[in-house]
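Please have the structure open beside you.

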Amino acid sequence: MPPAILIGTALALVLFIQAFVRLRRRRPDHAPWSRAALFAAGLAVLVLPLVSPLDHVGDDELLSAHMLQHVLIGDAAPALLLVAVRGPLLFFLLPPFLLRPLASFRPPRAFLAVLLIPLVSLGLWALMIYAWHIPAVYDYAAAHQTVHDLEHLSFFVAGLLAWTQLVDPARHERLRRPQRVFFALAMLALSQPLVDVLLFSTGSAYPRYLGAHGISALTDQRLAGVVMMTEQLLTLGVCVALLLRPYVRQRQRNPAFT
């Protein structure tokens with residue numbers, strides 16, 4: 001495991017464990033074991049694509065494998081991690097000796113507040129998707145490890161910003177529930193043109209990938225589009241279903257509800 005990933009994973013585990021233990025001592029109902037399972041799943045979805053054979057296959061052999069790596073890092077992992085720490089648990093992640101000085105330091109708070117404006121979060125998320133999938137930029141990142149690491153980091157950060165709007169872990173209610181549904185649909189709509197290019201192009205857009213494991217370069221590119229579309233339909237579809245669940249229940253209790 002690369003040192004940066006090892007250190008980041010260890011730090012995330014330490015912060016979560018101390019938060020989980022501290023909150024569980026006070027209010028066990030706010031720190032159920034299901035949250036620990038969700039956090040472990042989110043961390044696994046974030047780390048395994050970077051340290052498993054998927055990393056090599058995605059870098060050197062198949063675009064579809066690299067796309068799977070991207071959607072796991074930038075979509076599924078942020079969603080799972082934010083769902084795991086939502087509510088009071090989020091405010092226990094930083095120990096008091098760190099939380100107090102950071103809370104009194106205004107520049108980072110002001111910068112974060114700007115990033116968490118819903119349209120800013122959505123715009124940055126879309127920008128990261130399209131900028132890094134420009135073939136020339138993509139090939140440059142694949143050929144330079146530092147840039148490649150920055151690519152993965154930017155996917156994860158952009159995913160955190162976007163999914164913060166959907167999950168609302170701190171309950172700031174920047175978006176009301178119906179607006180969060182439209183935010184999820186906007187994410188689907190914004191990514192669709194890239195999916196269409198991958199699915200319906202008549203030629204391979206990424207010279208780095210020549211095909212492997214019996215899969216042609218064009219088929220591989222189309223599989224990358226399928227991977228991206230399927231993952232987003234699953235994650236964002238589940239999110240929309242959960243957001244709409246209270247309205248469905250209310251309608252079931254009161255058929256006259258409109």
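By the grid rule used here, this predicted model has two cavities of 30 Å³ or more. The rule works on a 1 Å grid over the protein atoms alone: a cavity is a set of points where a 1.4 Å probe fits but cannot get out, a pocket is an open set with protein on both sides within 12 Å along at least five of seven lines, and lining residues have an atom within 4 Å of a point. Grid points are joined across faces, edges and corners, and a volume is the space filled by probe spheres set on the points.

Because the model is predicted, local features need pLDDT of at least 70 and side-chain atom pairs count only at pLDDT 80 or more, while totals for chains, interfaces and linings use all residues. Residues are numbered from 1 along each chain as its sequence is written, and side-chain values use heavy atoms, with hydrogens and water left out.

The largest cavity holds about 130 Å³ of space. It is lined by 13 residues, and H70, V71, I129, F155 and Q232 are the closest to its centre. Two or more lining residues come from each of α4, α7, α9 and α11, and α4 gives the most, with five. Helices here are DSSP runs (H or I, at least four residues; strands are E, at least two), numbered from the N terminus. Sorted by class, this lining has eight nonpolar, four polar and one charged residues; Ala, Val, Leu, Ile, Met, Phe, Trp, Tyr, Cys and Pro count as nonpolar, Asp, Glu, Lys and Arg as charged, and the others, Gly among them, as polar.

The second largest cavity has a volume of about 30 Å³. Its lining is made by T164, Q165, D168, R174 and L175, which divide into one nonpolar, two polar and two charged residues.

**Pockets**

What is the volume of the largest pocket? It comes to about 2200 Å³. Of the 50 residues that line this pocket, L90, L93, L112, F156 and L160 lie nearest its centre. At least two lining residues each are supplied by α1 (3-26), α2 (33-51), α3 (53-60), α4 (63-85), α5 (96-104), α6 (106-115) and α9 (145-167). The largest share, 10 residues, comes from α9. By class, the lining has 37 nonpolar, seven polar and six charged residues.

The second largest pocket contains about 650 Å³ of space. Its 28 lining residues include V83, R86, V167, R180 and L242, which lie nearest the centre. Elements giving two or more residues to this lining are α2, α4, α9, α10 and α11 (217-253). Here α11 provides the largest share, nine residues. The classes are 16 nonpolar, two polar and 10 charged residues.

**Helix packing**

Axes are lines fitted to C-alpha atoms, for helices over the stretch in contact, and angles run from 0 to 180 degrees between N-to-C directions.

| Helix pair | Angle | Axis distance |
|---|---|---|
| α7 and α10 | about 25° | 10 Å |
| α4 and α9 | about 40° | 8 Å |
| α3 and α4 | roughly 125° | within 6 Å |

Angles under 35 degrees count as roughly parallel, over 145 as roughly antiparallel, 65 to 115 as roughly perpendicular and the rest as oblique. A crossing is left-handed if the near helix is turned anticlockwise from the far one by less than a right angle, and right-handed if clockwise. Contact means heavy atoms within 4.5 Å.

With an angle of about 40°, α4 is therefore oblique to α9. The crossing of α4 past α9 is right-handed. Among the contact residues are H66, H70 and L82 of α4 and H148, F155 and W163 of α9. This contact divides into 11 nonpolar, eight polar and two charged residues.

Helix α7 (residues 118-132) and helix α10 (residues 177-200) are roughly parallel to each other. α7 also passes α10 in a right-handed crossing. In this contact, P118, L122, W125, A126, I129 and Y130 of α7 meet residues of α10 including F183, M187 and L194. The contact has 12 nonpolar and two polar residues, with no charged ones.

The axes of α3 and α4 cross at roughly 125°, which makes α3 oblique to α4. α3 passes α4 in a left-handed crossing. L54, D55, V57, G58 and D59 of α3 meet A65, H66, L68 and Q69 of α4, giving four nonpolar, three polar and two charged residues.
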